[in-house]
Amino acid sequence: MHAVGDFDGDGIWEAAALSRAQDGLWLTVYKYSGWGWTETGRWQWPDLAVQAFYAVPAAVNGRSGHNLVVGWAAETQASLSVMDWTAEGPSERVRYALSGGESSAQRAQVLLPASVNTTSGQLWGYVDAGGKLRLPAVYDYAESFQDNGLAVVSKNGKSGIINTRGQFVVEPRFDSIGEFSEGRASVSDDKGSYVIDEQGRRVTPPDKVYSYIQPYSEGRALFYQTGQGENAAYGYLDRDGAEVIPASYMEGNDFANGKALVKVKNGLYRLIGLNGETLSELPFAFVGPPAEGVLAYQDTDGGKYGYVNEQGAVVIAPAFTGAQPFQAGHAVVNTAEDYGANYGLIDKAGKFTIPAGYSDIRLLGLGRAALGKPIDPARPYVGTRYAISDLNGNLYSNFQFLAVEDFKRGAASVQDGKNTYFIGPDGKRITRLPLVPGSGTLSFEDGLIRAQVDNRLSYLTQSGRLVWTQNTVIPLTPPYRVRELKYKPNKDYLVYYPQVDGITPPSVREQVNRRLAELSKVKPVPAGQQLESSYTGDFQVMFYRGRLLQLLLEGYDYPFGAAHGMPSRVYPPLDLGSGRFYELKDLFKADSNYLQVLSAIVKKQIDSGAYPYVWPDNYKGITADQLFYVTENDLHLLFTPYEIAPYAAGFPEFKIPFAELDPILDKTGAFWRSFHP
């Protein structure tokens with residue numbers, strides 16, 4: 001598709017062409033120079049069916065020239081976009097939703113997920129493109145709206161689906177809901193996984209559940225079914241939920257270009273068609289998914305990797321200890337032994353275009369790669385610094401980036417430990433796009449820039465104006481409020497911690513806030529030194545009633561190179577009237593033997609079978625310094641990871657109603673009266 005017009009209003013006409021490549025839909029713009037057409041820009045566009053694509057005279061914003069008009073088609077809704085031309089390229093000024101053939105057009109409002117700090121913890125809602133909250137913050141978590149106008153949200157620990165009016169299309173009853181693809185989504189509950197459509201109707205038969213279902217691709221969804229035997233675990237569903245290819249494979253992959261790679265048995269892989277027909281047999285120890293007509297393979301277990309074509313003929317002999325799929329005619333390979341990292345880039349003849357010698361290589365698109373070198377060669381696990389190069393190893397930047405994302409719309413998000421910003425294919429910062437202090441990622445979303453930087457979400461215009469960011473003040477009953485402060489002395493040490501206003505006298509307030517900073521691990525950290533681990537800390541208000549402010553201070557310490565880090569929690573209960581931090585014993589009568597009572601109640605809950613992941617022999621009872629917090633009607637007791645359960649169990653929590661503890665509660669004590677005035 002193409003359209004011709006004066007899109008930038010400079011009196012010289014441009015031609016806009018929409019074409020499909022392997023990595024999606026692309027808009028390319030050419031300007032007429034008097035001698036011919038010259039490409040001036042290329043942007044990746046949403047991968048939807050385009051049914052209209054033309055230029056119309058500009059009638060807005062007081063400019064001359066033309067607007068680009070695009071008609072989109074999704075499965076459940078069509079829409080019409082009017083595009084302005086900016087210095088960054090096409091920018092959607094307005095989109096109209098076209099419903100059911102009606103003659104009237106309704107503006108489709110941009111809705112973006114946004115978190116809000118409240119006295120009930122962090123909640124999520126949706127803001128519009130101007131930063132105004134349009135759907136109230138009532139969700140535990142909210143995902144972006146998909147092209148079908150639906151979004152997955154969580155409430156009370158369960159996931160559901162809402163429309164753009166905030167109405168539940170699917171009530172929150174699932175443990176998880178996957179992203180919609182081809183009008184279908186995989187959902188899971190305590191029985192297993194199955195498929196629903198965009199109206200929330202079950203597609204798979206009511207008596208069929210699966211262990212796992214992949215998103216649909218080319219009308220097929222890979223599923224995994226346990227209990228089928230060693231060689232019969234993976235199969236494929238069609239869009240009607242029928243098992244069009246029965247579970248008969250040890251491994252499976254998504255369909256692409258009408259074919260999918262499956263493992264039939266040890267030593268035998270197969271490329272199959274959409275109905276399970278055999279396209280080719282690949283008798284090797286390992287075969288990777290097809291890309292650009294070739295597949296990585298191992299001839300023997302533990303042997304070197306090479307590449308074969310889709311008929312199984314060797315095209316690059318085994319010579320590598322690792323081999324990734326081809327992209328743009330090139331593939332990243334590893335030559336290091338003993339699980340080391342020595343990456344290079346080869347072409348389809350197997351020749352190195354970038355010699356092996358890097359700790360990491362990432363293909364970014366637009367003919368660019370990120371080449372990585374260790375920050376500290378003696379400790380390569382500490383991290384990597386990247387430079388931008390072409391696919392022949394010609395450098396366009398120094399080794400200055402700590403993270404690099406793929407190119408989208410001609411720009412790649414990078415961060416250098418101090419700032420996060422976009423670069424172009426030349427490796428230089430795109431100065432017309434935002435620079436955000438801190439470490440994270442930037443991405444394009446509904447005409448804005450989504451910034452996920454230093455563990456905080458915000459939205460900006462493409463010129464850098466802040467549209468929305470999470471609130472840093474949580475109002476309480478006047479004169480009290482909680483302020484969020486940020487402490488980042490080192491690129492690998494980041495803490496958000498609370499400070500409370502309104503406590504009197506000032507000396508008590510200062511003492512309280514010093515204590516909160518200490519509990520949050522705000523401490524001296526060297527600025528320019530490479531740390532041995534990274535630390536992140538955050539907080540939220542768990543409960544607020546009367547004079548009692550119940551906080552949660554969370555931390556995560558990750559030693560570089562470790563399998564995982566160690567989380568930590570502190571729940572300080574603060575009396576705003578006195579500035580006192582309460583202990584567990586303050587809830588109970590002095591002669592109540594409360595530890596014995598609590599220990600017996602928790603043991604009874606463990607013995608009931610409600611906590612199958614708990615190691616019963618590790619439970620030794622409740623201690624005076626037990627991790628705990630309170631809500632209006634309950635006491636919550638917690639254990640740290642590994643204390644009585646595996647790491648994956650997190651912080652096992654036991655809820656005890658105060659009604660069950662009534663005989664031993666000190667209801668005349670300061671702690672109880674602080675939240676039961």
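Buried means under 20% relative accessible area, exposed means over 50%, and partly exposed lies in between (1.4 Å probe, protein chains only). This is a predicted model, in which local features need pLDDT of at least 70, side-chain atom pairs count only at pLDDT 80 or more, and totals for chains, interfaces and linings use all residues. Residues are numbered from 1 along each chain as its sequence is written, and side-chain values use heavy atoms, with hydrogens and water left out.

**The whole chain**

Color by secondary structure. The chain has three helices and 57 strands. Both kinds are DSSP runs numbered from the N terminus: helices are H or I with at least four residues, strands are E with at least two.

Next, think about contacts, meaning heavy atoms within 4.5 Å. Take those between residues at least 6 apart in sequence: 36% of them join residues at least 24 apart.

**Stop 1: Ser159**

Select Ser159. It sits in strand β15 (residues 158–162). Is Ser159 buried or exposed? Ser159 counts as buried, because its relative accessibility is 8%. Its side chain makes a polar contact with the side chain of Ser154, at 3.4 Å. A polar contact is a pair of N or O atoms within 3.5 Å; within protein, one must be able to donate a hydrogen and the other to accept it, and residues adjacent in sequence count only if both atoms are side-chain atoms. Leaving out residues up to four places away in sequence, Ser159 touches several others, including Phe174, Ser176 and Ile177.

**Stop 2: strand β18**

Select residues 184–189, which form strand β18. How many of the six residues are buried? Six of six are. In a regular strand the side chains alternate between the two faces of the sheet. Look at one side of β18 for Arg184, Ser186 and Ser188, then at the other for Ala185, Val187 and Asp189; both faces are covered.

Two strands pair if DSSP finds at least two bridges between them. Ser176 has Ser188 of β18 as its bridge partner. The hairpin of β17 and β18 has six residues between the strands, and there Glu182 takes a positive phi near 55°.

Ala185 has Ile196 of β19 as its bridge partner. This hairpin has two residues between its strands.

**Stop 3: salt bridges**

A salt bridge is a side-chain nitrogen of Lys or Arg within 4 Å of a carboxyl oxygen of Asp or Glu. By this rule there are 28.

Select Glu251 and Lys263. Their closest N and O atoms are 3.9 Å apart. Glu251 is in strand β24 (residues 251–252) and Lys263 is in strand β25 (residues 260–265), 12 residues apart. Glu251 is partly exposed at 35% relative accessible area, whereas Lys263 counts as buried at 10%.

Move to Lys348 and Glu292. This salt bridge has its closest N and O atoms 3.5 Å apart. Lys348 lies in the loop between β34 and β35, and Glu292 in the loop between β28 and β29, so the pair ties together parts 56 residues apart in sequence.

Go on to Asp607 and Lys603, which meet at 2.8 Å, N to O. Both are in helix α2 (residues 594–607); being four residues apart, they are separated by about one helical turn. Asp607 is exposed at 51%, and Lys603 is partly exposed at 44%.

Finally, select Asp376, Arg379 and Glu532. A network of salt bridges links them.

**Stop 4: Thr536**

Select Thr536 in strand β50 (residues 533–545). It is partly exposed, with a relative accessible area of 31%. Asp454 is 82 residues away in sequence, yet the C-alpha to C-alpha distance is 9.4 Å. Beyond residues up to four places away in sequence, Thr536 touches Asn455, Leu494, Glu554, Gly555 and Tyr556.
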